Amino acid sequence: MTNRIISKLDYQRLKKRIEQAKINARISPAQLMKLARGVDGATLMDPVKMPADVVTMNSVVSLEYVDMGKHLDICLVYPEEADGARNRISIFAPLATALLGCQRGTVASLPTPFGSVDVRINHILYQPEAAGDFSR
């Protein structure tokens, strides 16, 4: 993960979830380590001061798969709120981990079994901090 910005509230909540996930065999240890490194290496910010163009937990993000021109709107959520049918993606999924803390315009490269796929953050449709919602 490159230079990321994470709210202090998200940091606390994510650290707790990461610790809980260490005993969950369904979560890849490598993916868990990638998220933990990204969270630990991020710049922490007061949620009230969070720039509106940064992907935070519970943000709704409009993405573009660069090479395919395909668009997708997703919401980054905690694992217990994940719902693929509603594009609510767990923070433990590689896509969500790659996007957390990135700014609008960032292109993230995601590894796949067939090579990497580049995904661009086109818009942040909803960010809890920008909306004044600090409860989630």
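I began with E64, which is buried at a relative accessible area of 16%; buried means under 20% relative accessible area, exposed over 50% and partly exposed in between, with a 1.4 Å probe and protein chains only. Before going further I noted that this is a predicted model, in which local features need pLDDT of at least 70 and side-chain atom pairs count only at pLDDT 80 or more, while totals for chains, interfaces and linings use all residues. Residues are numbered from 1 along each chain as its sequence is written, and side-chain values use heavy atoms, with hydrogens and water left out.

E64 sits in strand β3, where strands (E, at least two residues) and helices (H or I, at least four) are DSSP runs numbered from the N terminus. I then listed the contacts of E64, leaving aside neighbours within four places in sequence, and found G69, K70, H71, D118, V119, R120 and N122, contact being heavy atoms within 4.5 Å. I also looked up the C-alpha separation of E64 and C102, which is 14 Å for residues 38 apart along the chain.

Next I turned to backbone torsions. Most residues other than glycine have a negative phi. I wrote down N58, whose phi is positive, near 70 degrees, although the residue is not glycine. N58 belongs to the loop between β2 (43-45) and β3 (60-65), and its relative accessibility of 1% is why it counts as buried.

N87 also has a positive phi, about 55 degrees, and is not a glycine. N87 is placed in the loop between β4 (70-77) and β5 (88-90), and counts as partly exposed because its relative accessibility is 29%. With residues up to four places away in sequence not counted, N87 touches L72, D73, I74 and C75. The C-alpha atoms of N87 and N3 lie 26 Å apart, for residues 84 apart along the chain.

Which way do α1 and α2 run relative to each other? Helix α1 (residues 8-21) and helix α2 (residues 29-41) pack at about 155 degrees with axes 11 Å apart, the axes being lines fitted to C-alpha atoms over the stretch in contact and the angles running from 0 to 180 degrees between N-to-C directions. That makes α1 roughly antiparallel to α2, on a scale where under 35 degrees is roughly parallel, over 145 roughly antiparallel, 65 to 115 roughly perpendicular and the rest oblique. The residues making the contact are Y11, L14, K15, I18 and A21 of α1, with L32, L35, A36, V39 and D40 of α2.

Finally I recorded the whole chain. Its secondary structure comes to three helices and seven strands, in the order β-α-α-β-β-β-β-α-β-β from the N terminus. The C-alpha atoms fill a box of roughly 35 × 35 × 30 Å along the principal axes. Of the 136 residues, 43% count as buried, and among contacts between residues at least 6 apart in sequence, 61% join residues at least 24 apart.
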